[in-house]
Amino acid sequence: MVDRGVGQSHGKIILMGEHSVVYGYSAIALPLLGIEAVCRIQPASQMVTFDFEDSLSTAVFAALDSLDQLEAKISYEIDSKIPQKRGMGSSAAVSIAAIRAVYAYFEESLSLEKLEMLVHQAEKIAHSNPSGLDAKTCLSDVPIKFSRDTGFARLAVALEAYLVIADSGIQGHTREAVDKVAQFEKTNRPHLAILGNLAEQTELAIKAHNSREVGRLMSLAHKELRAIGVSLPFVDELVEQAIVAGALGAKMSGGGLGGCVIALAATLEDAFMIREKLFEKGAQQVWIEKV
Ligand code: MEV
């Protein structure tokens, strides 16, 4: 047994298809390789206590349980650059990092299949009916197209454009948002179908390297996400201001009811202008990713 186990993962952002992916439609998501979560496990004098309201604690439990090590005397710490509850994959990424760290600590090999199964167990805490999109993207080094039924495929994205990701500063509520959409499933169904279709169209636009079209589709998706009640007035305001500042399109991203806004910029200069505008309007943090 080694003294220390270390596990790592990274954040994600959903370009298209949040919520509709829960209903079987395709979604497109990008890993945020520079925004990492690292977990370290150390020997301790006491056994771990668990909090099953917390996905990280549940992930550690699931990993220890799968190794028959629930009585191990260890402690764990997480160093995560991924803001929590912002639709950036924090819960999936910390779960992945923690499970990897536990397995590394006990020098046990961890298959991708087992890792996914354990993450899924922990993700059910973060929200009741996870599609698996977050975990898949946090496990991928490249953008993916994902659907519940067909799984995932790597998607080459080379738009020569820039994605501006802005944290609204309002904690998102994925579980509540997913439940809210389900509660009004009948009236939401047509919107979910449109969202699914917009994701398909986005894939075509990505393959045609047509960033203008991707931007247009993003703005259309935001309207549908508003219609199913998962946006907030402040998030709508940031989306609008990104367009005013020159974005090709913008939308909320992730579970919603807070969280992040993403905007597509044709050039780096445009991305800087959008970033400035979003800060001015109250965004807490802004990242720029080449896509
Ligand atoms: C959450 O990041 C994305 C949702 O589509 C839920 C899910 O896919 O499980 C809202």
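Before we start clicking: helices (H or I, at least four residues) and strands (E, at least two) are DSSP runs, numbered from the N terminus. You're looking at a predicted model, where local features need pLDDT of at least 70 and side-chain atom pairs count only at pLDDT 80 or more, while totals for chains, interfaces and linings use all residues. Residues are numbered from 1 along each chain as its sequence is written, and side-chain values use heavy atoms, with hydrogens and water left out.

**Stop 1: the second largest pocket**

Select P31, P143, E289, K290 and V291, which lie nearest the centre of the second largest pocket, lined by 13 residues. (On a 1 Å grid over the protein atoms alone, a pocket is an open set of points with protein on both sides within 12 Å along at least five of seven lines; a cavity is a set where a 1.4 Å probe fits but cannot get out; lining residues have an atom within 4 Å of a point.) Now colour β2 (27-43) and β9 (285-290), the elements that give two or more residues to this lining. Which one gives the most? That's β2, with four residues.

The pocket's volume is about 170 Å³; a volume here is the space filled by probe spheres set on grid points, joined across faces, edges and corners. Its lining has 10 nonpolar, no polar and three charged residues. (Ala, Val, Leu, Ile, Met, Phe, Trp, Tyr, Cys and Pro count as nonpolar, Asp, Glu, Lys and Arg as charged, and the others, Gly among them, as polar.)

Why does this pocket lie between domain 1 (5-153) and domain 2 (158-290)? Because both domains give residues to its lining. The domain bounds come from an automatic or database domain assignment.

**Stop 2: the cavity**

Next, select L15, L30, V157, L159, L163, V214, L264 and V291, which line the largest cavity. Its volume is about 30 Å³, and its lining residues are eight nonpolar, no polar and no charged.

**Stop 3: the ligand**

Look for polar contacts, meaning pairs of N or O atoms within 3.5 Å:

- The side chain of S131 has an N or O atom 2.6 Å from a ligand oxygen.
- H19 uses a backbone N or O atom, 2.9 Å from a ligand oxygen.
- In K12, a side-chain N or O atom is 3.1 Å from a ligand oxygen.

Conventions. Polar contact = N/O pair within 3.5 Å; in protein donor to acceptor, adjacent residues only side chain to side chain.
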